[in-house]
Amino acid sequence: MVTTQLAPSTADDPLAYRPVALVDLLDRVLGTGVVITGDITLAIADIDLVRISLRALVASVGALVPPEVAS
Amino acid sequence: MSTTAEPAVTVGAWLHGVVSDADDAVLATVTGMDGGTVRAVRAAGLAAVVSAVPLDGYGEEALRRNLADLAWLERAARSHHAVVEALSRTGPVVPARLATVHHDDTRVAAMLAERRADLAGALDRLAGRGEWGVKGYVVPGAVPRTEEPTGGGGAGAAYLRRRRAQLTARDEGQRIAAEAAAAVHVALARYAVEARRHTPQDRRLSGASTAMVLNGAYLVDAGTVDGFAALVRELADRHPEVRLELTGPWPPYSFVTERPEEEAVHTVREAAW
């Protein structure tokens with residue numbers, strides 16, 4: 001049985017608060033299209049930022065979840 | 001021997017996003033980084049919304065360290081997102097990437113002046129539009145039944161054929177779901193103003209029970225959101241081999257640049273039509 005999980009009709013209530021999955025959020029706030037670079041964080045390139053953060057994620061998740069089938 | 005004088009902590013400006021103009025009354029209701037306040041830096045007919053952050057926690061070195069700490073990263077991402085989302089409710093916003101930090105307001109103002117044309121163009125392009133996410137997952141067992149091998153060779157041969165079919169079913173399911181994902185993306189991209197595909201999320205991170213084959217983002221006119229959701233439902237019915245999930249509306253994180261370059265690495269390729 002295939003289910004489509006549609007978000008509640010937020011078009012009706014754009015102010016409705018719904019929790020956001022951290023992975024979905026990180027997809028978006030890390031290195032998707034940069035028009036502005038901070039002068040202090042200039043040296044933290046997109047790739048760096050994503051790699052550093054993913055390492056944190058994988059390390060933490062890896063500690064919780066039994067190692068899955070490789071690849 | 002020790003001195004009581006605390007060294008002054010230098011403060012930087014963490015950029016949340018750029019808007020045409022920010023209402024200070026609205027900003028007063030918004031919580032920034034570390035529970036602090038946010039403020040607008042105005043220049044060149046634009047407003048940059050920033051949080052003051054201590055550079056001992058948010059300077060380049062400190063950020064490299066902190067970004068590797070999941071609890072810190074999540075807190076920062078959620079705080080940043082809360083501000084961007086609040087801004088997006090009041091009008092178009094160009095969200096800043098996580099960890100965009102300037103030395104002071106003067107630098108922020110200079111950035112606004114320098115990038116004025118790009119930023120104003122982006123704000124025009126994003127006005128009245130929102131980002132929606134559509135994720136697609138493999139549906140196990142949704143592989144179209146290959147005709148049951150019949151006749152010839154007796155029980156042993158039949159067993160071997162079944163065994164081989166089982167082994168290839170997984171790859172086959174993956175391939176079929178990937179094709180469905182490409183078709184879904186093409187249909188959604190045609191409906192949306194702009195579209196892009198993020199790299200599919202690792203299962204360990206998504207927590208999903210099957211592999212992700214589509215991690216799409218779509219910029220949709222506010223007036224056509226219902227139609228977009230209906231199209232997602234329709235595509236889900238048409239492609240039972242992939243389970244679709246709609247998220248949003250998001251601030252237009254994925255559409256800040258005019259022509260978002262495709263990700264360098266895709267585990268799933270676009271179909272060639």
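This is a predicted model: local features need pLDDT of at least 70, side-chain atom pairs count only at pLDDT 80 or more; totals for chains, interfaces and linings use all residues.
Figure 1. Arg129(B) has 22 C-beta neighbours inside 10 Å, so it counts as buried; the cut-off is 20 or more. The residue lies in strand β6 of chain B. Leaving aside residues up to four places away in sequence, Arg129(B) touches Val193(B), Leu219(B), Val220(B), Asp221(B), Ala222(B) and Pro252(B). His185(B) is 56 residues from Arg129(B) along the chain. The C-alpha atoms of these two residues are separated by 19 Å.

**Figure 2. The two faces of strand β6 of chain B.** In a regular strand the side chains alternate between the two faces of the sheet. Which residues of β6(B) point which way? Arg129(B), Glu131(B), Gly133(B), Lys135(B) and Tyr137(B) point one way. Gly130(B), Trp132(B), Val134(B), Gly136(B) and Val138(B) point the other way. Residues of both sets are buried. The count for the strand is 10 of 10 residues buried, so β6(B) is mostly covered.

**Figure 3. The open sheet of chain B.** Strands of a sheet pair through backbone hydrogen bonds, either parallel or antiparallel. Here 4 strands form an open sheet, in the order β7-β8-β6-β9, and the pairing is antiparallel. Which strands stand at the edges? They are β7 (194-197) and β9 (242-250) of chain B. Each has a single partner strand, so one side of each is left without a neighbour in the sheet. From one strand to the next, the twist averages 20 degrees.

**Figure 4. Strand pairs within the sheet.** β6(B) and β8(B) pair in the antiparallel sense over 9 bridges. Within this part of the sheet, Gly130(B) stands opposite Val220(B) in β8(B). Val220(B) is also among the residues that Arg129(B) touches. β6(B) and β9(B) are likewise antiparallel, with 7 bridges. Two positions can be picked out along β9(B). Lys135(B) stands opposite Glu245(B), and Gly136(B) has Leu244(B) as its bridge partner. Lys135(B) and Gly136(B) point opposite ways from β6(B). β7(B) and strand β8 (residues 212-221) of chain B pair in the antiparallel sense over 4 bridges. Ala195(B) has Tyr218(B) in β8(B) as its bridge partner.

**Figure 5. Helix α9 on the sheet of chain B.** Helix α9 (residues 225-238) of chain B packs on the sheet. Which strands does α9 touch? The helix touches β6 (129-138), β8 and β9 of chain B. The direction of α9 makes about 165 degrees with that of β9(B). β9(B) is mostly covered, with 8 of its 9 residues buried. β9(B) is also an edge strand of the sheet.

**Figure 6. Two domains of chain B.** Chain B is divided into domain 1 (11-126) and domain 2 (129-255). How far apart do the C-alpha centres of the two domains lie? They lie 35 Å apart. At the contact, 6 residues of domain 1 meet 5 residues of domain 2. On the domain 1 side, the largest share comes from α4(B), with 3 residues. By class, that side has 4 nonpolar, 1 polar and 1 charged residues. Chain B as a whole has 9 helices and 9 strands. Of its 273 residues, 41% count as buried. Among its contacts between residues at least 6 apart in sequence, 79% join residues at least 24 apart.

**Figure 7. Helix α1 of chain A against helix α4 of chain B.** The helices shown are α1 (residues 22-29) of chain A and α4 (residues 70-90) of chain B. They pack at an angle of about 70 degrees, with their axes 10 Å apart. The two helices are therefore roughly perpendicular to each other. Which residues meet here? From α1(A) come Leu22(A), Leu25(A), Leu26(A) and Val29(A). From α4(B) come Glu74(B), Ala77(B), His80(B) and His81(B). By class, the contact has 5 nonpolar, 2 polar and 1 charged residues. α4(B) also supplies 3 residues to the side of domain 1 that touches domain 2 in chain B. Chain A has 2 helices and 0 strands. Buried residues make up 24% of its 71 residues.

Terms used
Residues are numbered from 1 along each chain as its sequence is written. Chains are lettered from A and ligands numbered from 1 in the order in which they are written. Axes are lines fitted to C-alpha atoms, for helices over the stretch in contact, and angles run from 0 to 180 degrees between N-to-C directions. Angles under 35 degrees count as roughly parallel, over 145 as roughly antiparallel, 65 to 115 as roughly perpendicular and the rest as oblique. Two residues are in contact if their C-beta atoms, placed from the backbone, lie within 7 Å. Ala, Val, Leu, Ile, Met, Phe, Trp, Tyr, Cys and Pro count as nonpolar, Asp, Glu, Lys and Arg as charged, and the others, Gly among them, as polar. Domain bounds come from an automatic or database domain assignment. Two strands pair if DSSP finds at least two bridges between them. A residue is buried if 20 or more other C-beta atoms lie within 10 Å of its own, exposed if 12 or fewer, and partly exposed in between; C-beta atoms are placed from the backbone.
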